[in-house]
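Please examine the structure shown below.

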Amino acid sequence: MMAMPRICSSIVSAPHYVHLLAPWITNETRNRHSVIFEMPTKSREWLCQHIVEDAPDAIIFADREGRIQLWNSGAEAIFGYRAEEVLGHTLDLIIPENLRARHWEGYREAMKTGVTRYGRELLAVPAIRKDGTRISLEFSILLVRDDGGALLGPVAIIRDVTARWQREKAIKQQLAALEARGTRVEPPPDRK
Ligand code: HEM
């Protein structure tokens, strides 16, 4: 497995996490992603490692073959598996059966081309927790390379949006019920 600080530095320079480092951003570096070079190397590695380990979002790194190599505390909380239960296993553990073919097709293509469309866009999918419950996720993907530019594998930065999905589903059902009764529902003023 590659060194933790190296991969952690790559992850925290992903767009999601740059804002966490705001105290170290100066005017000259404000518009750049690699904003942490002004800190001493040791503190930077320490900081990066702690951000990745303790982030409430799930941060999962898998190698080119799709075997899990990094599973932070956010991943433990969201999926219910402890790191030692999943390291070395394939991502199939958390992917619903009906989505596995699509996932692996996209995965192999991204490993071949070195490109992912989910660097900025969010991939929204259902997943399965250890206890069998289905949850709704949104995540972005970062492809990690070594210092020589060789592709090592993808990192997914994942948020559990189950509660929001359920609220939106309930609102849609209420709207459909109102419309079925002939009540015309106007969109809120800012959506017109
Ligand atoms: C949590 C459960 C997951 C589900 C249900 C899932 C599902 C999917 C689906 C449906 C696609 C195809 C997207 C498309 O065609 O646009 C996909 C692509 C992909 N997934 Fe997963 N995935 C999961 C977790 C992960 C994780 C944890 C990683 C990385 C560590 C990952 C890496 C990828 C990659 C690299 C692609 C290709 C992206 C691209 O086309 O740009 N997935 N996945």
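Two residues are in contact if their C-beta atoms, placed from the backbone, lie within 7 Å. The model is predicted: local features need pLDDT of at least 70, side-chain atom pairs count only at pLDDT 80 or more, and totals for chains, interfaces and linings use all residues. Residues are numbered from 1 along each chain as its sequence is written.

Q: Which residues is Ile94 in contact with, leaving aside its neighbours within four places in sequence?
A: Ile94 is in contact with Phe79, Ala127 and Ile128. Ile94 itself lies in the loop between α4 (83-86) and α5. In space, its C-alpha is 9.7 Å from that of Arg134, although the two residues are 40 apart in sequence.

Q: Why is Ile94 called buried?
A: A residue is buried if 20 or more other C-beta atoms lie within 10 Å of its own, exposed if 12 or fewer, and partly exposed in between, with C-beta atoms placed from the backbone. Ile94 has 23 other C-beta atoms within 10 Å, and therefore it is buried. Of the 192 residues of the chain, 20% count as buried.

Q: What makes a stretch of the chain a helix or a strand?
A: Helices (H or I, at least four residues) and strands (E, at least two) are DSSP runs, numbered from the N terminus. The chain has six helices and five strands. Their order from the N terminus is α-α-β-β-α-α-α-β-β-β-α.

Q: How do you know that the span of α5 agrees with its number of residues?
A: The expected span of a helix is 1.5 Å times one less than its number of residues. For the 14 residues of α5 this should be 20 Å, and the end C-alpha atoms are 20 Å apart, so the two values agree. Just after α5, Gly114 has a positive phi of about 75°.

Q: What is the reach of helix α6, and how many of its residues are buried?
A: Helix α6 (residues 162-180) has 19 residues and reaches 27 Å from first C-alpha to last, close to the expected 27 Å. The count of buried residues in α6 is zero, and the helix is hardly covered. Gly182, which follows α6, has a positive phi near 90°.

Q: What makes β1 and β5 a pair?
A: Two strands pair if DSSP finds at least two bridges between them. β1 and β5 have four bridges, in the antiparallel sense. Ile60 stands opposite Ala156 in β5.
The strands β1 and β2 also pair in the antiparallel sense, over three bridges, and the bridge partner of Ile60 in β2 is Trp71. Their hairpin has five residues between the strands, and Gly66 there takes a positive phi near 90°.

Q: Which strands are the edge strands of the sheet?
A: The open sheet of five strands has the order β2-β1-β5-β4-β3, with antiparallel pairing. The edge strands are β2 (68-71) and β3, since each pairs on one side only.

Q: Which residues come nearest to the ligand?
A: A residue is near a molecule or strand if its C-beta atom, placed from the backbone, lies within 6 Å of it. Among the 22 residues around the ligand, His103, Gly106, Thr116, Val125 and Ala156 come nearest. The largest share of this shell, five residues, comes from α5.

Q: How do the residues of the shell around the ligand divide?
A: Ala, Val, Leu, Ile, Met, Phe, Trp, Tyr, Cys and Pro count as nonpolar, Asp, Glu, Lys and Arg as charged, and the others, Gly among them, as polar. By this division the shell holds 17 nonpolar, three polar and two charged residues.
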